Amino acid sequence: MSLNKDLQTVIDGVEKESGFSFAKHTTYGCGGVAKEAYYPKTIEQAAAVYDYIKLTKKNFVTLGNGSNVLAADGGFDGVVIATKFFQGIEQKSADSILCYAGTTAQQILKYCKTHGLGGLEYIVGIPATCGGLVYMNGGAGGMYISNNVKSVLIYDGEFKTLTNKSCQFGNKHSIMRDIDCMILAAEFSLAPKSAEDIEWDIEYYLSKRRMQPKGKSCGCVFKNTSEVSAGKLIDDLGLKGLSRGSAAVSSEHANFILNSGTCSSDVYALIKEVKSKVLEKTGILLEEEVVYIGDFNDSFG
């Protein structure tokens, strides 16, 4: 298929990789490969890659830091739009900043501390990018990114700015999970705060994260229910330490599944087994936080 000359020119300038390894680009450290990946660095390049993929009728997945995904051992039959180089922060007003999709939580907090802007300290230590945080309504300590999102810029063939309300944020969910689009940037509402106070709050949230299990994981696997935490449900059933192949339920935090090998199928099988046991014993169907990439050949839940 021949492309528009202008589109082809932009696409030719985007960094590209063949044989993209999910094992190397996800925190679980396992999974197969995708045929190709594009690394846009600007809004223009990101939109061009999206248009190119649509015109060529290829499947695609957008990947930031790969911290909340599990890719199948068979890989992904499509294109990865990797946002790791799509970074930058702009101060929009005295109390708001615009962050591009690939900007990491660490980079955002460094900027906030330097410029005396508080309110996002709870994202410290989360191994995610701006796009991933918004996509998943990420957060910690009872705080979620939706508390700070002013607007989100997306592209679905057209540039659109979504208000906080339009994002339909929920429990580890946003409207971006339900529509075919690419998150380009998000504007966050903040408040003036001294660097010392920001640092104190960062240390407070870090102290809580230091208690989390060490090892390759996606963080919490399951969403908490409205009545009880998923971790407590799993713990009460005595499932800590349960293992399948190289995957094991953490003995420290029951909502963490740790991976010590190379097979995503082990992690996936254990997730489904835990989910099945909880449903059988409690009647509660847990919902995964983790996002699956590729074909796992399973229809459970």
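The model is a predicted one, and cysteine 99 counts as buried in it, at 0% relative accessibility. A disulfide is a covalent bond between the sulfur atoms of two cysteines. The structure as a whole holds zero disulfides.

An open sheet is formed by four strands, arranged in the order β1-β2-β5-β3 with mixed pairing. Strands β3 and β5 (residues 76-82) run parallel and are joined by four bridges. Within this part of the sheet, valine 61 stands opposite valine 80 of β5. Helix α3 (residues 43-55) lies across β2 (33-39), β3 and β5, and runs at about 140° to β2.

A second open sheet comprises three strands in the order β15-β16-β17, with antiparallel pairing. Its edge strands, β15 (243-244) and β17 (257-259), each pair on one side only. Three bridges link β16 (residues 247-249) to β17 in the antiparallel sense, and alanine 248 stands opposite leucine 258 in β17. Helix α8 (residues 264-282) packs on this sheet and touches β15, β16 and β17, its direction making about 30° with that of β16. Glutamate 280 is located in helix α8 and is exposed, with a relative accessible area of 61%. The C-alpha atom of glutamate 280 is separated by 39 Å from that of leucine 120, the two residues being 160 residues apart along the chain.

Helix α4 (residues 105-115) has a buried set consisting of Ala105, Ile108, Leu109, Tyr111 and Cys112. These residues cover an arc of only 160° around the axis, which puts them on the same side of α4. The face turned away from this buried side carries the exposed residues Gln106, Lys110 and Thr114. Packing of the buried residues of α4 involves both strands and helices: the strands are β6 (89-93), β7 (96-100), β8 (117-118) and β13 (182-189), and the helices are α5 (130-136) and α6 (195-209). Just after α4, glycine 116 adopts a positive phi of about 65°.

Threonine 129 is situated in the loop between β8 and α5. With a relative accessible area of 4%, threonine 129 is buried. Its side chain reaches the backbone oxygen of alanine 101 at 3.4 Å. When neighbours within four places in sequence are left aside, the contacts of threonine 129 are Gly64, Asn65, Thr83, Ala101, Gly102, Thr103 and Thr104.

Lysine 172 occurs in the loop between β12 (159-163) and β13. The relative accessibility of lysine 172 is 14%; lysine 172 therefore counts as buried, the cut-off being under 20%. The side chain of lysine 172 is joined to that of glutamate 289 by a polar contact of 3.0 Å. Apart from neighbours within four places in sequence, lysine 172 is in contact with Met136, Asn137, Tyr144, Arg177, Lys223 and Glu289.

Terms used
Residues numbered from 1 in each chain as written. Predicted model: local features only at pLDDT ≥ 70, side-chain atom pairs only at ≥ 80, totals over all residues. Heavy atoms only, no water. Pairing = 2+ DSSP bridges. Helix = DSSP H or I, 4+ residues; strand = E, 2+ residues; numbered from the N terminus. Contact = heavy atoms within 4.5 Å. Axes fitted to C-alpha atoms, helices over the stretch in contact; angles between N-to-C directions. Buried < 20%, exposed > 50% of the residue type's maximum accessible area, 1.4 Å probe, protein only. Arc of directions from axis to C-beta. Polar contact = N/O pair within 3.5 Å; in protein donor to acceptor, adjacent residues only side chain to side chain. Disulfide = S-S within 2.5 Å.
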